[in-house]
Each structure stands twice: as structure tokens, then as C-alpha cells.
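I opened my notebook to record what I looked up in this structure, going from the chains to their cores and then to the contact.

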Amino acid sequence: MPDNASGILGQIVDGPKGLSIRTKLAATLAGLVTLSLALMAAFILYECRQALLEEAIRRGLTVGRNLADYSASAVLQKDSLQAIQFTKDALSDDAVVHAVLTDDQGVVLAVRASSGRLPAEFGAKWQPLQGEPVRAEGVPADVQVVESKDPDSGASVLAFDFPVIQAGVTVGQAYIALSQEKIREVMEETTLKVVALAAVFVLLALISAVMLADVIVRPVKRLTRGALAVGGGDLDASVEVRSDDELGVLARTFNAMTQGLKRAQADLVEKELLQRDLSIAQEIQQGLLPKKIPQIPGYELAAFYAPAKEVGGDLYDFIPIDKHRMVVAVADVSGKSVPGSLGMAMTRSVLRAEALRQGAVGETLSRTNAVIQPDIRRGMFVTLFYAMLDSAKHTLTCANAGHNPAFLARHGRIQEIAPEGMALGLVPAAQFFSDELVVEIKAGDLVALYTDGVTEAMNSSREEYGEERFKAALIAASAKPLAEALKHVVDSVRAFVAGAPPNDDITLVLLRRRA
Amino acid sequence: MDLLNIEVVDSAQNAEIVVFRLKGHLDAQTVRELEGSFTLQLQAARVRWIVDLGGLDYISSAGLGSFIGVLAELQAKGGNIFFIGMTPKIEKIFKMLGFMRIFKIFASEAEAVRAFKGA
């Protein structure tokens, strides 16, 4: 593995550098739960305090109203003894801290306090308790209520100020102070309970956040391990799919991706191997073809070869025998790629050696078959058209090892040259058979040797170029200079296939006796 | 992608004889499948084969080579390949290559089965 890749993988193995999903989720959930609980608690506590306050005000109003009403005549007569009795009665409510009655000048007529320490003396001017006015429903306009402090104990109290009215005239004031200690105690208790309950909820939220994070994080960790394995080259790695949710889909997608990668890699390897084989085969093939066209007095030669994408294993060769004689051969091997090219290389060497032994043409093929057949790969065979030109006698002696017939164009007609014979490599020497045929070549005659890549060239509709089109092209080309004639025939094939990729090599050799 | 369909059945007339019915495209790629089928039959020691070429729309030289490749072994074990379902095009190729001197060709499966009995 390259260094940078292992570096990246190393970082992933270390785990996340920032906050983990678990922490983020836990913090977010806990924060949200705490915030909402705090808001709820504040609301509950506020409502609770309001209810308690209203209750206290109602109590104070009742006690104060009674004190003012019952003491009216005593206050009018400034009868302190009787007035004290009323303030005592007011103190019978244990929330009342003190009760005071004054005359219309604010002079204290009666005063009583639950602590026993009087907030004012008889005959003195009463200083009403100052504080924040309280507005609540049910408080009459002539009554004042303030939140204040008990000057004796310093505890917070609700101070009420009632007019004392006798026969429609205000004759004095009644003051009472109501302890708020009860309210404070209840509120403290309630707050404690609410906070404790909220703490339990926050804890539960934290625990469920961590568990929820685990549910999400566990499959993510499995995916991470899988991705690490794949990154390390193990394309057989897969991730267990345990759910049908989005993470399950992700795991399934991951597995599909891994399999896709594996297939793609296998395809790539196969393709590269095939490509390498093809380039080797092409190299061998190119090495076998003649480097130049030989000169023959009174004759012209031209050759065309186009390999298919998968090298089909065509070959043409020119073998000079002596001053006047020259062999022209065109061959096609049944195997493709490297084995086909090697089979063809072997055939070419043996054929060249046998050709120079100067036996009969048919015998050359028999001897070639006898040498190559035991060695050629099982199932592989070579078809070959073998033509020996004698430029002095103007004859073409032909033998055919299972190959397409040669065509002779003369005076606008095509004559097939088709000696019988079996393909090379099919059968042992004893069963092999190859005929030979001698054709006289006249001035202007054009002979075409080719492979089936020409006649079986296909267009995109899967129609074959065929012998008839080929013959017609040869006739049309027969009067042209040889290079042009070759181009004319090749163009005719190309125009027919119209760009469809060739499925076999195309080989064409033209020989003409000068006019 | 051109495909080759290979149907391997026991001959209705003689269960010792294997019939290969080929359909489609027999070329350098698809011939590997056919060679696989051949190997299976050889491993089962079944060596009397009838090959029906009637369904082929294309046969390449590599495809033809597969029959040559297996023939010697079949004959050594007392078997053979007989062809049926020849189309004019395939017959022309057989004649050109010299396959007619190597393989026997019959008009029908029944005739080929009879020829195995006589052998």
C-alpha cells in the first residue's frame, strides 16, 4: 500500500478528531431537555406563587375587613379597651403578625403582635409599613396592600390598610400584617421537588442520548471497519446488515459497492491481460509480414493487411525460389491472439524451408502439414493459398490448404482458381491431401489472393460483403494501375462495412502481369 | 454480445448417444462454453456424439477447430462426431477446409444414430 494511503487510513483508525457523535447527541439532548424543564419549572413555580399570594390576600382581606367592620364604633368612641379586644381577635389567625387600629388622626388606639413585641405604643402616631403595592383581583379600591418587611422580625409580610367607617364617615384605619413565611416555605419545598424531578429527567435524557448514539454509531463503526478492509485491498470484505433503516440501506449499498469494485477490478485485470496478449500477438504478426514487396520482371505485386481488434492471425508472404520463380502465399490461422500468432510463425518458417526444397507445389503443402501437425495446438489449423509464379513461362502453379479460392480477372470476367486440399494441421500426413493446379497467366491478367476477412466483412446489419461484391470490385479495378486497383477494392469493402468494427483480419494480395 | 445456446440431450433413439444442439454464434469467445460441454461428456465417458449445427447463424474457424481438437480423443475411445443440420453455408466451409474427408454428415438424427449402430 502506498504511504499516503496508509497515512489516511491511520487517521481514520484513530477515530474522530472532533467531538464524537455520542457527545454531540448527549450534549444537544441534555441541553434541550434542561432548557425546556427550566422553562416549565419557572412557569410552574410562578403559577404556584401567584396562587399562594392570592390565597393570602383573600385571607388578609377577610381578617382586615372583619377588624375594620367590628371595631368601627369602638374606634369612633376611641375606646382602646374594646379596640384591643378586636385586635386580639384578628390575631387568632396565626398568619397575622400584628393588628393595629388608629383614630382618624393616625394615633394608635389598639395594637397587638403575635410576637408580643408591639410595633408601636398607644397614643403614638402609627407609621404604616412601606413597600411594593400588590395588585390582585378582589382588592377593593379603598384598601391598600403592600409587600413589606416586619419591622420586628424582618420577615416579609403583606401589609393591609383598611378604612374604618361608621355611618359613612371614615373614623380611623385598621392595619394588619400577614406573614409570608408560609408562602416562602411552600415555595422552597416546591422548588426543591421540581429541581429534583428535573434533574432526574435530564439524567434520563443523557442516558437515552448515549444509548441512541450507540445505536447510530455501532453500524457506522462496522462500516468504518469495512471501508478500512476494502481500502486495504480486501474486496471480499462485507458489512453485516442488521436493520432496514437508512443505516441498513447504507450497509447494503456499501456491500453492493464493494462487489461492484471487485467486478470492475477483475474486468480491468482481464482487459489488461487481453490487451497485453493482443499487443504481443500484433508484434509477432507484424514481424512475420514481408518488409517490402519484391520486384518481378513483367509483373506487379501489391498487398494490403488490416488487423482486426482481436488479431485474427492472417499472413501473406513472398518467397523467392530462383531467378524466375516466386511464391505468393496467403494464410489464415484458426487461433487468435498469442497462440494463433505462434502457430502462424511456426507454419511460415516450415513453409519457407519446404518451398525452397523445390518439390511439386502440392507436395510442399503435404510436407509442411507433416511437420507442423504433430506440434500445432490441438484444434488449431491453418488455411493457406499457395501460388508459385514462373515469370518466364507465365504460369501460376497453385495449391490450396482449405483456403478460399483465388480469383483471376481477365477481360471483365472472374475465374476461380480452386485446387482442392485440406487445411494444415487437421490430420496426420497419411490422411492429408492437397491437389495442384497450373494456370496460364496472360498479359493484363489480375490475380487476387485474400483471406475470408474480405468476403466475410460485415456491416452493422450483419450482412456479409460476399464473393459477388468482391468479384465486381475486382473487375472494376482490373484496368487501373495496381496501387489504385488495390485501393479501389479496399475502399469497396470499407464503403460496404461503413465503419462497423472488423471481426477478422483483412488480407488482400494482387498480382498482375503487365500488358 | 453474441451468444451461443448449447443444449445437450440423450438421443431419443439411443440413450448412449449424446446430441449437442447449437444455436446462435459460435466464435472464439463462445467456443469456450462448447469446449466445457465437451469436457463434461468426455469425463462421463460418453464418446458417441451427434452435433446439430442447424441453429447456428455464424461459425468461426476457432469454432470449427473445437471439433478437430476433440475428434482424436473420441476416436481413440471408440467414439466419433457425426454432424446433422448442415446449412449450405456451413457445408461450403466444410468442403473448403477438407472437413468432409474427416467428419461424416447426415441428413437426420435417426440416420446418424443408425450409422453409430453400424459402427
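These entries follow the order in which I looked things up.

**Entry on the model.** I noted before anything else that this is a predicted model, and I kept that in mind while reading each value.

**Entry on chain A.** I looked up the secondary structure of chain A and found 11 helices and 16 strands. I then checked burial, and 33% of the 515 residues of chain A count as buried. Turning to contacts in chain A with a separation of 6 or more, I found that 65% of them come from residues 24 or more positions apart.

**Entry on helix H6 of chain A.** How far apart are the end C-alpha atoms of helix H6 of chain A? They are 62 Å apart, and because 43 residues at 1.5 Å a residue should span 63 Å, I wrote down that the two values agree for residues 246-288. I also looked at how covered H6(A) is, and the count of buried residues among its 43 residues is four, so that I called it hardly covered. These buried residues are Ala251(A), Thr258(A), Ala281(A) and Gln285(A), and I found that they pack against helix H5 (181-231) and helix H7 (337-355) of chain A.

**Entry on the cores.** I recalled that in soluble globular proteins nonpolar side chains tend to be buried together. The largest nonpolar core here has 93 residues, and Ala329(A), Tyr386(A), Ala387(A), Ala448(A) and Leu449(A) are those with the most contacts inside it. I followed up Tyr386(A), leaving out residues up to four places away in sequence, and saw that it touches Val327(A), Ala329(A), Val361(A), Thr364(A), Leu365(A), Cys398(A) and Ala399(A). A second, separate core has 39 residues, including Val63(A), Ala99(A), Val157(A) and Phe160(A).

**Entry on chain B.** I looked up chain B next and found four helices and five strands, which follow the pattern β-β-α-β-α-β-α-β-α along the sequence. Of the 119 residues in chain B, 35% are buried. For contacts in chain B between residues at least 6 apart in sequence, I noted that 73% join residues at least 24 apart.

How values were computed. Residues numbered from 1 in each chain as written. Chains lettered and ligands numbered in written order. Predicted model: local features only at pLDDT ≥ 70, side-chain atom pairs only at ≥ 80, totals over all residues. Helix = DSSP H or I, 4+ residues; strand = E, 2+ residues; numbered from the N terminus. Expected span 1.5 Å × (residues − 1). Buried ≥ 20, exposed ≤ 12 C-beta atoms within 10 Å, placed from the backbone. Contact = placed C-beta atoms within 7 Å. Core = buried A, V, L, I, M, F, W, Y, C linked by C-beta atoms within 7 Å.
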